[in-house]
Amino acid sequence: MNEEQGQQGTGTGGDFEEHLRELLAEDANAIRPAPVPYPAIRRRGTIERRRRVAAAGAALVTLAAMPVGAYALAGGEGGGNTVASTPPAGATPRTPATPSAPPAGPARPATEDQLLDGITFGQAVDGLEKCLAYDRSHTRGPSGFRTDPGAAEEYRIILAMNSTGDSNAPGDGMHVVAVKERPKQTRLICNVKDGKAKGLNTSVGSDDVPGAGLVTADLSGGKLYRQSVLDRGNWKLPFRWGVIGTVEPSVARVTVSYGGATSRAALDHGWFVASGVLNRQVTVAPRIKGYDADNKLVYDSDEDKNYEKGLP
């Protein structure tokens, strides 16, 4: 090898080393990790903090808007946890509403069929109150004794119907029948004409007599199904009539026949109430029959020695 060739070899080797170093430097730069984006991270963290603050604020607003009280958070079929909220300081506790008491007054009849001839329950109540006031306004007898029939709210109205005037008591009006059980069984038959009480019949105590049957007609109930004896054979027709009395619990049905027509009575808390319209003159009293739950006849007024079967 001559000197020229040695110099060329040395030069070539030097260029190769220098070129290798450049390649290594470029590779080093190529695999160097990128710098951490601190500004982007900081912006992202600021946005996240603002979102959380906004969400917390919305939750506080929602809690403030909810009413004070206790709330059950369901935890499944077995129930849940109860969380009671605390009222704010100085707040007045909310008092539960007290249900209003029902208005004072007499009880209604068992069926609407016991309010007849278009008479409303309110009109019947008004008639009863007027009759009780009429009774209280009367002067006591020589002995000073008079039984106080009590207040209207103690009673149950069992019948209201038109009344027909006759020779003994002219002018049509309205009959109201009311009963109460305490302190003693009491029955009132009240007559109202032209908005004023004109008559009141009171019965205190049971009408039961020895040997009485399972059905007992009211002893003073005749004023509901007959006109004055002065008009015998010449009654004003048509005539609205009614029959009332007491009935034992074993009696399931009561019928009343009068003037050729039969009516089924309403059963109302131990009382029976029947009514109809008479279109012809009669001479015998209504016939009353009672039946048990098996439809067996258990009472017949024609066989009751205590029942007045004729009309005066």
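Q: Let's start with Leu230. Is Leu230 buried or exposed?
A: Exposed means over 50% relative accessible area. Leu230 has 62% relative accessibility, so Leu230 counts as exposed. Please keep in mind as we go that this is a predicted model.

Q: Where in the chain does Leu230 sit?
A: Leu230 belongs to the loop between E7 and E8.

Q: How far apart are the C-alpha atoms of Leu230 and Asn168?
A: A fold can bring together residues that are separated along the chain, and here is a case. Leu230 and Asn168 are 62 residues apart along the chain, while 7.2 Å separates their C-alpha atoms. For the protein as a whole, among contacts with a separation of 6 or more, 55% come from residues 24 or more positions apart.

Q: Which residues of H3 are buried?
A: The buried residues of H3 are Phe121, Ala124, Val125, Gly127, Leu128, Cys131, Leu132 and Asp135. Viewed down the axis of H3, these buried residues fall within an arc of 160°, so they line one face of the helix.

Q: Why do residues three or four places apart in an α-helix point the same way?
A: An α-helix has 3.6 residues a turn, so residues three or four places apart point the same way.

Q: What covers the buried residues of H3?
A: The cover includes four strands: E3 (156-163), E4 (173-180), E5 (186-193) and E6 (196-204).

Q: How much space lies in the second largest pocket, and what lines it?
A: The second largest pocket has about 350 Å³ of space. It is lined by 24 residues, with Ala217, Asp218, Leu219, Tyr307 and Glu308 nearest its centre. Strand E7 (215-217) and E8 each supply at least two residues of this lining, and E7 gives the most, with three residues. By class, the lining divides into 13 nonpolar, six polar and five charged residues.

Q: How many cavities of 30 Å³ or more are there?
A: A cavity is a space from which a probe cannot get out, unlike an open pocket. There are three cavities of 30 Å³ or more, and the largest cavity holds about 50 Å³ of space. Among the residues lining the largest cavity are Arg226, Trp235, Val282 and Pro312. The lining of the largest cavity has five nonpolar, three polar and two charged residues.

Q: Which residues are joined by a cis peptide bond?
A: Look at omega for this feature. Arg182 and Pro183 are joined by a cis peptide bond with omega about 0°, and Pro183 is in the loop between E4 and E5. Leu237 and Pro238 are also joined by a cis peptide bond, with omega about -5°. Pro238 lies in the loop between E7 and E8.

Q: Where do I find a positive phi in a residue other than glycine?
A: Asp117 is one case, with phi near 60°. Asp117 is in the loop between strand E2 (80-84) and H3, and at 34% relative accessibility it counts as partly exposed. Asn295 is another, with phi near 65°. Asn295 sits in the loop between strand E13 (287-291) and strand E14 (297-300), and its 47% relative accessibility makes it partly exposed.

How values were computed: Residues numbered from 1 in each chain as written. Predicted model: local features only at pLDDT ≥ 70, side-chain atom pairs only at ≥ 80, totals over all residues. Heavy atoms only, no water. Buried < 20%, exposed > 50% of the residue type's maximum accessible area, 1.4 Å probe, protein only. Arc of directions from axis to C-beta. Contact = heavy atoms within 4.5 Å. 1 Å grid on protein atoms, 1.4 Å probe; cavity = no way out; pocket = protein on both sides within 12 Å on 5 of 7 lines; lining within 4 Å. Points joined across faces, edges and corners; volume = space filled by probe spheres on them. Nonpolar A, V, L, I, M, F, W, Y, C, P; charged D, E, K, R; others polar.
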